[in-house]
Each structure stands twice: as C-alpha cells, then as structure tokens.
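Please read these points with the model open beside them. They are set out for someone who has not seen this structure before.

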Amino acid sequence: MSDFHPFFHHDYDDDLSVLDAQPKLKKPPLYRVILLNDDFTPMDFVIEILVSFFGMSEEQATAIMLQVHTRGVGICGTYSKDVAETKVYLVNSHAFENNHPLKCTMEEL
C-alpha cells in the first residue's frame with residue numbers, strides 16, 4: 001500500500017500537513033427576463049409592470065414598452081435563475097389578476 005495521498009504530504013519533520021486545493025468554481029448562468037407583445041394589454045399597464053417589478057424609471061419603462069410594442073419583445077433585465085423565475089412568476093400573476101394577457105418569460109444567456 002502506498003503512503004501517497006493527493007490531499008496530504010509529509011514534510012521533513014514527518015508531520016502531516018494539508019495542501020491547499022484550488023476550487024474549480026463556475027459562475028452560475030444568467031437569464032434574460034423578457035416581456036412579449038400582445039394586442040390587448042394597455043401600454044400604461046406595461047409601464048407600471050416595468051416600474052414596479054423591475055425598478056425602472058418612467059423613461060426607461062416607456063422605452064422598453066415601446067420596444068415590446070414595435071419589436072414584439074423587450075428585455076426587462078438580466079438575473080440569476082432564481083431571481084428571473086420569481087420575476088416571471090410575479091409579472092405573469094399580476095397580469096392575470098388584472099385580466100391582461102401580458103406574458104413574461106426568461107431565457108438563458
């Protein structure tokens with residue numbers, strides 16, 4: 001049996017010491033939260049969503065709302081998976097509770 005162990009080594013005094021292991025950490029993926037255009041949700045409601053749930057100013061929210069209206073989609077922000085999922089859930093629930101068909105989704109970067 002060998003005395004070799006990958007995490008320990010013997011020094012000259014025959015004392016056991018621990019080697020530093022470099023952790024191999026990978027950054028967690030990020031997700032875009034996206035609003036999808038529909039022909040029924042009022043523009044003011046979309047602005048309200050962007051201000052309330054994404055902390056945008058009225059000016060930022062108006063610009064994103066116009067993107068949703070003209071291009072069919074608008075990016076609300078980039079978040080970790082848990083935060084993105086929560087925002088999607090909250091926006092979709094709020095739209096449903098207010099009888100609007102607005103849909104929010106997310107995609108991995």
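1. Val 91 is a residue of helix H3. With a relative accessibility of 0%, Val 91 counts as buried; the word buried stands for under 20% relative accessible area, exposed for over 50%, and partly exposed for what lies in between (1.4 Å probe, protein chains only). The C-alpha atom of Val 91 is separated by 9.3 Å from that of Thr 105, and the two residues are 14 apart along the chain.

2. A word on the basis of these notes. This is a predicted model, in which local features need pLDDT of at least 70 and side-chain atom pairs count only at pLDDT 80 or more, while totals for chains, interfaces and linings use all residues. Residues are numbered from 1 along each chain as its sequence is written, and side-chain values use heavy atoms, with hydrogens and water left out.

3. The protein chain holds three helices and five strands. Helices (H or I, at least four residues) and strands (E, at least two) are DSSP runs, numbered from the N terminus. Read from the N terminus on, the order of the elements is β-β-β-α-α-β-α-β. Of the 109 residues in the protein chain, 28% are buried.

4. The loop between H3 (81–97) and S5 contains Asn 99, and Leu 102 is found in the loop between H3 and S5 as well. Are these residues buried or exposed? Asn 99 is exposed, at a relative accessible area of 70%, whereas Leu 102 is buried, at 2% relative accessibility. Asn 99 has a phi near 60°, which is a positive value in a residue other than glycine.

5. How many salt bridges does the rule give? The count comes to one salt bridge, where a salt bridge is a side-chain nitrogen of Lys or Arg within 4 Å of a carboxyl oxygen of Asp or Glu. Its partners are the side chains of Arg 32 and Glu 107, at 3.0 Å from N to O. Arg 32 belongs to strand S3 (residues 30–36) and Glu 107 to strand S5 (residues 103–108), so the pair ties together parts that are 75 residues apart in sequence. Arg 32 is partly exposed, with 29% relative accessible area, and Glu 107 is also partly exposed, at 36%.

6. One aromatic pair turns up in a search of the whole structure. Phe 54 and Tyr 79 form this pair, which is tilted, with 6.4 Å from centre to centre and 40° between the planes. The pair links distant parts of the chain, as Phe 54 is in helix H1 (residues 43–54) and Tyr 79 is in strand S4 (residues 73–80), 25 residues apart. Rings of Phe, Tyr and Trp (its six-membered ring) pair if their centres lie within 6.5 Å; planes under 30 degrees apart count as stacked, over 60 as edge-to-face and the rest as tilted. Both Phe 54 and Tyr 79 are buried.

7. Which residues form the negative surface patch? They are Asp 44, Glu 48, Glu 58 and Glu 59. A patch is made of residues with over 30% relative accessible area and no salt bridge, like charges being joined within 9 Å and nonpolar side chains (Val, Leu, Ile, Met, Phe, Trp, Tyr) within 5 Å. Helices H1 and H2 (58–71) each supply at least two residues of the negative patch. Glu 59 is in helix H2 and counts as exposed, at 61% relative accessibility.

8. Pro 28 lies between strand S2 (16–18) and S3, in the loop, and is exposed at a relative accessible area of 63%. Pro 28 and Lys 81 are 53 residues apart along the chain, and their C-alpha atoms are separated by 8.3 Å.

Terms used
Areas by Shrake-Rupley, 256 points an atom, 1.4 Å probe, with all protein chains shown as cover. Lys, Arg positive; Asp, Glu negative; His and termini not counted. Charge placed at Lys NZ, Arg CZ, Asp CG, Glu CD.
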